[in-house]
Amino acid sequence: MIQKGVRSQESGVRRETSGFEGSRAPSRTFEDLIVWQKAHAWVLGVYRLSAKFPSHELYGLTSQLRRAAVSIPANIAEGYKKTGAADKRRFFNIAQGSLEECRYYLILTRDLNYGDTTELNHQLAEISRLLTAYTNAIQAPSP
């Protein structure tokens, strides 16, 4: 059976639209957020890819890519717990900045022939869209 519903941008949790199936509870931790789940899975892919880099890149590209990659879900997690909308948006903006940094490192990885980055690039684009939607859904305080 195909699950129908709408995904709440604030919680990242799919909610049922029909009255008889009930609805999932809002997120309780950052781990419930779809954007965090995808970003975490992406980091695991980055670690697998960068493990194949030449050993002379250990303190160069390997370290830089991994650091920036981990920053994405880490800042999503930190922003999730912030109570003010401005603070939340600031951490999600930092995550988006790290995401763009990673986009460059993937270009460099490809151009140095260190590995195929096609799938990681597709996943990164999806994470960027989700993060943008999540950030835009956070309500600004009323003046």
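**Close-up views of a predicted model**

**E100 pairs with R103 in helix 3.** E100 has a relative accessible area of 40%, which makes it partly exposed (buried means under 20%, exposed over 50%, partly exposed in between; 1.4 Å probe, protein chains only). The structure is a predicted model: local features need pLDDT of at least 70, side-chain atom pairs count only at pLDDT 80 or more, and totals for chains, interfaces and linings use all residues. Residues are numbered from 1 along each chain as its sequence is written, and side-chain values use heavy atoms, with hydrogens and water left out. E100 and R103 form a salt bridge, at 2.9 Å from N to O (a side-chain nitrogen of Lys or Arg within 4 Å of a carboxyl oxygen of Asp or Glu). The two residues are three apart in helix 3, about one helical turn. Helices (H or I, at least four residues) and strands (E, at least two) are DSSP runs, numbered from the N terminus. R103 is partly exposed too, at 24% relative accessibility. By the salt-bridge rule, the count is four.

**R67 and E101 link distant parts of the chain.** Their salt bridge brings the closest N and O atoms to 2.5 Å. R67 lies in helix 2 (residues 58-81) and E101 in helix 3 (residues 85-111), 34 residues apart. R67 is partly exposed at 42% relative accessibility. E101 is also partly exposed, at 25%. Side chains of opposite charge can pair when their charged atoms come close.

**R110 meets D111.** This is another salt bridge, with the closest N and O atoms 2.9 Å apart. R110 is partly exposed, with 44% relative accessibility.

**T109 is a buried residue of helix 3.** Its relative accessible area is 0%. Beyond its neighbours within four places in sequence, T109 is in contact (heavy atoms within 4.5 Å) with L49, F53, L61, L65, Y114, G115 and T117.

**I76 sits in the largest nonpolar core.** Such a core is a set of buried Ala, Val, Leu, Ile, Met, Phe, Trp, Tyr and Cys residues joined through side-chain atoms within 4.5 Å. Helix 1 (34-50), helix 2, helix 3 and helix 4 (118-137) each give two or more residues to the core. Leaving aside neighbours within four places in sequence, I76 contacts L33, V35, W36, A39, F92, A95 and L131. In soluble globular proteins, nonpolar side chains tend to be buried together.
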